[in-house]
Each structure stands twice: as C-alpha cells, then as structure tokens.
Amino acid sequence: ESYKFNLKGSSPLKIKNLQPNGTIDGAVRPTPVELYVETLYGCENNKAICYYSATGTQNSFVQFFDTNNVDGINTQRLDLYEGDYNYFIQCIDSGGNLAQNVTTFKLNIDTNAPIIARVYEEDDYLKVVTAKDSECVFTNDNCDFLFQEGTEMPYANSTAHVTQWLSDKTYYIKCRDAYRSEPTD
C-alpha cells in the first residue's frame, strides 16, 4: 500500500564556537570549567544534542547537561584539577547530521594569596609592591577588617600600590589577586 511522505533537505551541521581553549587560570581545587559549544545550521537551524568525551573512544561520550537548545548553545560544567586537557565533542541534530571537533586547554590553579614583596616611604607616599598583580586596601585602625571595608590603594591589578604617607599612623594592609585570594589575617 502506498503512503505519502515529505523529504526535507538540510545544511550540514557545523560547530561555530568551541571553548575553552588555550590556558585557563583558576583559584580553587577543583576549578569549575564550562565546556561551551555553539552549533550552526543543520536540520533544525542550530539545534542539536552535544556529547563530550575525554578519550574520544566509541561509547565514551556523555551528553551535555544543557543541550538541544534553539539558540544552538550547549554547555557542560566540569570540575577539574590543574593539567592539560583534550575533550572530544560530537553534536547530532534530529536529521542525523553530525559535527565533531576537539578542544585542547591547560588549566592552571593558583590558590596562594599575593605576597607583599616590599613596603617603603618615598616622596610622602607609602608604597607597597606585591609579587603578582593584585589590589590592596588598608585601614589605620586594626588588622581585623573585611577587604571591602578597607580604603583602596591605587593601582588595582598591578604590582605597585600607593597611598599618602602619614608618619604618625599605623597601616594595616591587605592585598588580594584577581582570583580574590587573600590572606586569612
């Protein structure tokens, strides 16, 4: 018996954007890292189900947590330790179009607070030099203060920090880096 059916053509599914790649810096162990895949074209205009694998072998692929979205954006959170990573990606749309790619990245984790390398007075300024880029704050009251309660010392995200020098005052200084690592006291 005959029956009627419709065929619908589609463009090949493509992976437009795949992240992360390069080097990622984190501040906690493990560090949350987001796999991000943006698909394009295909049977349903960008919509596809994506899978990831650390080995790329058959039957090792795991479906993304957030996938098959109409905007083509698929994400998966991974909690990783420092090291070099390769993730194999496969995305399949409802028409069976397959797009594959690999992302390679390195994860560095720095849990150490910045170290104050030098403190000195020069030209009526108190100058603080840190070993890595950071932001510093101070009070003249005591050491027991929250970072956000301190007075900012220009210049954030650098190794040099200054404030007016008052010789009759005691300066209690805290510095933190871009990962918000700061000393406990």
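Predicted model: local features only at pLDDT ≥ 70, side-chain atom pairs only at ≥ 80, totals over all residues.
In general terms, the strands of a sheet pair through backbone hydrogen bonds, either parallel or antiparallel.

As for the numbering and the limits of the model, residues are counted from 1 along each chain as its sequence is written, and side-chain values use heavy atoms, with hydrogens and water left out. Local features need a pLDDT of at least 70 and side-chain atom pairs count only at pLDDT 80 or more, whereas totals for chains, interfaces and linings use all residues.

Within the antiparallel sheet, β1 is joined by 6 bridges to strand β3 (residues 31-41), and the two run antiparallel. Along this pairing, asparagine 17 stands opposite glutamate 38 in β3, while leucine 18 has valine 37 of β3 as its bridge partner. On to the next pair, β3 and β6 are paired in the antiparallel sense over 8 bridges, and threonine 31 stands opposite leucine 80 in β6.

Strand β6 also contains threonine 75, which counts as buried because its relative accessibility is 15%, buried meaning under 20% relative accessible area, exposed over 50% and partly exposed in between (1.4 Å probe, protein chains only). When residues up to four places away in sequence are not counted, threonine 75 touches Glu34, Leu35, Tyr36, Phe64, Phe65 and Asp66, a contact being defined by heavy atoms within 4.5 Å.

A further open sheet is formed by 5 strands in the order β2-β8-β7-β4-β5, and its pairing is mixed. Its edge strands are β2 (22-26) and β5 (62-63), each pairing on one side only. Between β2 and strand β8 (residues 98-109) there are 5 bridges, and these strands run parallel; in this pairing, glycine 22 stands opposite phenylalanine 105 in β8.

Conventions: Pairing = 2+ DSSP bridges. Helix = DSSP H or I, 4+ residues; strand = E, 2+ residues; numbered from the N terminus.
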